[in-house]
Amino acid sequence: MADYYRPAVHRSATITTALTFLLIIAGGLVTSRDAGLAVPDWPLSFGTLNPPRWYAIENVRTEHGHRLIAGIVALATIVTAVIVQRLESRTWVRRLAASAVALVLLQALLGGLRVLNLSVDLAMVHGCLGQIFFTVVLLLAAATSPRWQPLVEQAAPSRRFRIHAGFAVAAVFVQLLLGIALRHGGAPPASLLQTPMFYLHMFGAMIVGWLCLTLAAAAQDESGNAGGSSLVGPSRWLGYMVMAQVGLGLATLGTTHAMSFDRQATVAESWLPTLHVALGASILGLSGLLAAVAWLTPPSEPAPLTRGEPSTIGSS
C-alpha cells in the first residue's frame, strides 16, 4: 500500500464523486422534464429553504430536489477539500481539491443566475461545467486511492498513446458540448431529424467511437509495457461504455425525436435522455482519467538494441 494513502481522504473523495454522479442524473432530469424554471426564485425556493409539499408536484420536485442534492454535493466537496489539505502531501492533489471547491461554488452561482435571468445560454454553461466538475472529483477519488501510485509508477505508455488519449478526451468533451446545445436548443420544427445540430452530434459520435475504440486497441498493443498493460482494462471499459452510449442514444432518438413540448414528459422521455447524459459524463470522466495517467508519467522510450541484435526497422 502506498505510503501517502489516507483512508479518510479516499472515502470522502469517493462519496463526493458518487453524490456528484447522482447530481448529474438529477440535473439531467431537470432538462428532460423542462423543469428548470419550475422554482422561479434563487437561492430560496418560493421564498423558503424547503417549501412545504415540494415533492407533490413533479416539476417542482425535480428542480427543488436537484437543488437539495447540489447543496449536499457542495458541502461534501468542501469537507473533502479540508481533509485533503490536512492529510494529503502531494501539491497537485491539494490543488485539485481546491479547484473542485471553486468549480462547485461557480456551478451553484451559474445555476442561480440561469433561473434569475431566464438564460438558456447560462443553462448550457451550467451543464458543461457540471461535466467538468464530475471529471475533477473522479480524478481526485482515483488519485487518493491506494491503487493510484502503483499504476503511475509502472512504465509509462508511449508518446503515441499519450497523444491518442488527449485527443480522445478532447473529442468526448466537444461531443458533450454538442449534446448540451442539442438538448437546450428548444423544440425543433417537427423532429430532431430536421435539426442540423443533431447531425453534428451524430458525426461527433462516430469520431468519439473511433478514437475510444482505437485507444483500447492501442493499450492492448502496448501490453508488453507495465504501464500499457495497466491501462488495458480501463481502455476496454471506455470502449464498452461508448458502444452502450451509441445504443442509448439511438433509444433516446426513437423516444424523443418527435416529442411534444405541450405536455408532461413520459417516463421514457425523461429517463432515456437523462441516462444518456449520465453515461456521457462517465465516458468523459474515464477518458479524462486515462489521459491524466498517461500525461502524469514520462513517456516510455524504445529499449536500446543490444550489440548483435538486428534492427527490425523497415522489415516486413
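**View 1. Helix 3 and the residue after it.** Leu-118 follows helix 3 and has a positive phi, near 50°. Helix 3 covers residues 91–117, 27 residues in total. From first C-alpha to last, helix 3 reaches 38 Å, close to the 39 Å expected at 1.5 Å a residue. The expected span is 1.5 Å times one less than the number of residues. Helices are DSSP runs of H or I with at least four residues, numbered from the N terminus. This is a predicted model: local features need pLDDT of at least 70, side-chain atom pairs count only at pLDDT 80 or more, and totals for chains, interfaces and linings use all residues. Residues are numbered from 1 along each chain as its sequence is written, and side-chain values use heavy atoms, with hydrogens and water left out.

**View 2. Ala-100 in helix 3.** Ala-100 sits in helix 3. Ala-100 counts as buried because its relative accessibility is 1% (buried: under 20% relative accessible area, 1.4 Å probe, protein chains only). Beyond its neighbours within four places in sequence, Ala-100 contacts Thr-77, Phe-133, Val-136 and Val-137 (contact: heavy atoms within 4.5 Å).

**View 3. Helix 9 against helix 10.** Helix 9 (residues 232–256) packs on helix 10 (residues 267–295) at about 160°, with axes 9 Å apart. Axes are lines fitted to C-alpha atoms over the stretch in contact, and angles run from 0 to 180 degrees between N-to-C directions. The angle therefore makes helix 9 roughly antiparallel to helix 10 (over 145 degrees).

How values were computed:
Helix = DSSP H or I, 4+ residues; strand = E, 2+ residues; numbered from the N terminus. Parallel < 35°, antiparallel > 145°, perpendicular 65-115°, else oblique. Buried < 20%, exposed > 50% of the residue type's maximum accessible area, 1.4 Å probe, protein only.
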